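Here is a friendly briefing to read with the structure open beside you. Please take a look at the model first, then follow the notes below.

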Amino acid sequence: MDYDQDYDYDYDDEGMSFTFPLLISFALGIWLVYTRYHSVRNRAIPFKIRAPEAIGNDFESTKIEDPGLDSHLRDPKLLPEIPAEGHGYITSFDPATSLHLGTFIADDGADIQSKIEQARIAQLSWRQTTFSERRRVIRSLNKWLVDNQETCARVAARDTGKTLLDAALGEIIVTCSKADWLINHGERYLKPESRSNNFLTFYKSAEVHFEPLGVVAAIVSWNYPLHNAWSPIMASIFAGNGVVLKCSEHVVWSTLWFVEAIRTCLDVCGYDKELVQLVCCYPDNAEALTTSPTIRHITFIGSEDVGRKVVQAATTHLTPVTLELGGKDPAILLPSTDIEKYSSILMRGVFQNAGQNCIGIERIIVHSSQYEQVLQMFTQRAAEIRLGSALLKPTDGVIPTVDCGSMLSSNRFQHIVRVLETAQNHGAIVEQGGSPHKHTFLDGAYFEPTVVGNVDPQSEIAQFELFAPVALILKYDTIEEAIDIANGTRYGLGASVFGPDQEQCVKIAQQLQCGMVSINDFAVYYLNQDLPFGGTKMSGYGRFGGPEGLRALTSPKVIVTDRWPWLIQTTIPRVIDYPVPSVTQSWDFISGLIGFVYGDGWRKRIRYLNQLIKSTGQQQPTAPRAFSRRFALCGWAGSIFA
C-alpha cells in the first residue's frame, strides 16, 4: 500500500460560513416579527375625552351662598333648563370658591336596577376575555392618566377643594401604582394555582381556579374621587367582573368625568362600555344597590354608621362586603427620635388633603422628654401653612402658592369647634388655629390648621376620628404607655412608628392593633399596591389591594383530577361498598386506615396496618404484596373522604 499518496480534503468552508449567518438572521427575523406583533397587539390604545371647562383658572360661574347638595331647592336657577319630573337633583360646587359646577339628576331605584342589568349583560362577554386583553385595557387607562395627569388633578381639585399637589400624591400616583401592579402581577394571582396533596391523595392533582363573580359594587367616599373610583373599577374588571360604582353625592361632577374616561377606554378597545356603571344618588336610594340579588360583592369606603347600614342591607342576599371605615391613626415617636429629620413627614401625615385622609395621622404620641420640641415644631409650621384654591386666576401674572386647600364643606365646622372646646374644658391647649378660616377674597370651606397640646388620651377628641386639619400632641413616659395609648381607641386602621432603632420600631409595630404600619414614614404601605389594605376593630374588615383584595373579587373553585389516570384511580374496597358486608369489618378497615396514616409513632402505625389488612379477610401478605396493597389502599381512601 502506498502511504505516500496525497489526498485532497476539500471542505466547503465558504458554504458553511454562508449558511450559518443566514439561519441566525432568519431566526432573528422571526423573533422580531413575533415580538413586534405582540407589542402592537398589547400596547396601550390612545383615546381622548374633552376636559371640563370648569378646571380653567379663568372659570366663572354662579357663586352659591351657603352652598350645599340641595342648593337648587333654594335657587331654582341652578336647575337644568328642562328638569326631569319625578327625580331629585344633586348640586355640585367647588368648596374652595363656592362656584356652581352643575346640578345632576339623582338616580332612583329603577335607574339603579337598570344600570345593574346593563352591567350584567356586558359582563357575560367580558368574562371570556383573556388576561392579555384585560391588561391592554388597564395599560390604556394608565397611559391616559399619565398623559392627562394635570387635567385629572385639576378636576379633583375643583370638586373637592384640594391642592394640585395633594391630588398628585393622593389621587394620581397611587392610581398609577394600582394599574402598574395589575399589569405586571394581576394574572399571577388569578390564574389557576396548584395546591399540595396529603398522603391519602398523592395520586391526585389539585388546583384552585379564581372565577369572576359577575357584577360587583363599590360604594366609595368623597375624599379622593379619582382614586376611589378607578381603583375598585380596575380591580373588578381585571378579575372579569362588571362593576357598579356608587360615588359620594358630594363628588358627582368629577366622578362622572373620571368614570366616563374608563367607559371611553373600554369602547375604543372594542368592549362594551356598559360593563362599568356609575350610580349617583342620595343614601336613601342606595338600598337598590346593596340589596340587589345580582350584586355578588360590595366594597365600601366610608363612615362606620353608613358601613353598618350597608352590611345590614347586604344580608338580604348574603352579599359579602369589604369594609374600610376610617381610623384614628397614631404616630409613635420613640425617645431620641430625630424630630427635625421627620418633621416634614409628620406635617404631611397630618395636613395632607386638609386632614381628610382615612390613613392620615391624627395622634402624635411623643415621649415627655421631646414633647415641647414636637409641640413647638408643629405650632410654628402649622402657622405658616397658606390656605386657598389651587385654581385661582393669576394676579399680576402669578398664581399664589397654596399649601392646603379647603375642606369638602363647612357642614362639619360646628362639630369640630365643639369637640375642640370640649377638649379645652378638660385641660387641652389649642396652640394654633382652632376655628374656621375667613379667607380674604374666597368664600370657601377653610379651617385653620390646628395644633392641640396636653391632650387626654381618653377625651373625645383623642378617641374619635376628626377628619380635619388638626394635630393632636399626646405625651407618654414609658414605651408600654405609648402602645396602650395607640391601641386605646375603637379604631385600628394604620399607624406609624418613628425612632432611631428600626429593630425596636418593628417590635413595637408588632404590638399595635391595626392593619398596617409604616416605620419612620407615613402611609407608604399604600404606595405599594402588592400589599393588602384594611384594618381591624371598628376600622372594618376584609382587604382591598394586593392579592388578597383582588382574589376577594373572584369565586374560588377547586378542581381535583387524577395525576396518573392510566395507572391509579379511586376505587371502593369491597369491605365498605354498598351493601356493607359487615359493620365490624368495615369499622376495623376505616379505623385501621386512619391509625396507619395519622397514628403517632411507627409501632402504632404498624399495628393499625395489621388491623387494616386483617379487616379485608385476607392472610398476612409478604413484604412486596404488603407494599402493593398499601399503594392500592391510598386509592381507596380518596373516595372515602370525598
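Proline 400 has a relative accessible area of 35%, so it counts as partly exposed. You will find proline 400 in the loop that runs between α12 (371-383) and α13 (413-425). Its C-alpha atom is separated by 8.9 Å from that of serine 389, and the two residues are 11 apart along the chain. Please keep in mind that this is a predicted model.

**Backbone features**

- Most residues other than glycine have a negative phi, and most peptide bonds are trans.
- Serine 336 is not a glycine, yet its phi is positive, at about 70°.
- Look for serine 336 in the loop between β10 (330-333) and α11 (339-351).
- Is serine 336 buried or exposed? With a relative accessible area of 59%, serine 336 is exposed, because the cut-off for that class is over 50%.
- Phenylalanine 467 also is not a glycine and has a positive phi, in this case about 55°.
- The loop between α14 (460-463) and β14 (470-476) is the place of phenylalanine 467.
- Phenylalanine 467 has a relative accessible area of 15% and is therefore buried, as buried means under 20%.
- A cis peptide bond leads from tyrosine 578 to proline 579, and its omega is near -10°.
- Proline 579 belongs to the loop between β17 (554-562) and α18 (583-598).

**Aromatic rings**

- A pair of aromatic rings is described by the distance of the centres and the angle of the planes.
- How many aromatic pairs does the structure hold? There are 15 aromatic pairs.

**Arginines over rings**

- Arginine 563 places its charged end over the ring of tryptophan 564, at 5.7 Å from the ring centre.
- Arginine 607 lies over the face of tyrosine 608, and here the distance to the ring centre is 5.1 Å.

**Cysteines**

- A disulfide is a covalent bond between the sulfur atoms of two cysteines.
- How many disulfides does the structure hold? The count is zero.
- For cysteine 265, the nearest cysteine sulfur is that of cysteine 269, 4.1 Å away, and cysteine 265 is in no disulfide.
- The reason is a matter of the cut-off, because a disulfide is a pair of cysteine sulfur atoms within 2.5 Å.
- Cysteine 265 is buried, since its relative accessible area is 0%.
- Cysteine 514 is in no disulfide either, and its nearest cysteine sulfur, that of cysteine 358, is 13 Å away.

- Which residues make the nonpolar surface patch? Leu165, Leu169, Ile173, Val524 and Leu527 make this patch, which covers about 400 Å².
- Valine 524, one of the patch residues, is in the loop between β16 (516-519) and α17 (546-551).
- Valine 524 has a relative accessibility of 40%, so it counts as partly exposed.

Terms used
Residues are numbered from 1 along each chain as its sequence is written. This is a predicted model: local features need pLDDT of at least 70, side-chain atom pairs count only at pLDDT 80 or more; totals for chains, interfaces and linings use all residues. Side-chain values use heavy atoms; hydrogens and water are left out. Patches are made of residues with over 30% relative accessible area and no salt bridge: like charges are joined within 9 Å, nonpolar side chains (Val, Leu, Ile, Met, Phe, Trp, Tyr) within 5 Å. Accessible areas come from the Shrake-Rupley method with a 1.4 Å probe; for residues, only the protein chains shown count as cover. A salt bridge is a side-chain nitrogen of Lys or Arg within 4 Å of a carboxyl oxygen of Asp or Glu. Helices (H or I, at least four residues) and strands (E, at least two) are DSSP runs, numbered from the N terminus. Buried means under 20% relative accessible area, exposed over 50%, partly exposed in between (1.4 Å probe, protein chains only). Rings of Phe, Tyr and Trp (its six-membered ring) pair if their centres lie within 6.5 Å; planes under 30 degrees apart count as stacked, over 60 as edge-to-face and the rest as tilted. A charge sits over a ring if NZ of Lys or CZ of Arg is within 6 Å of the ring centre and within 35 degrees of the ring normal.
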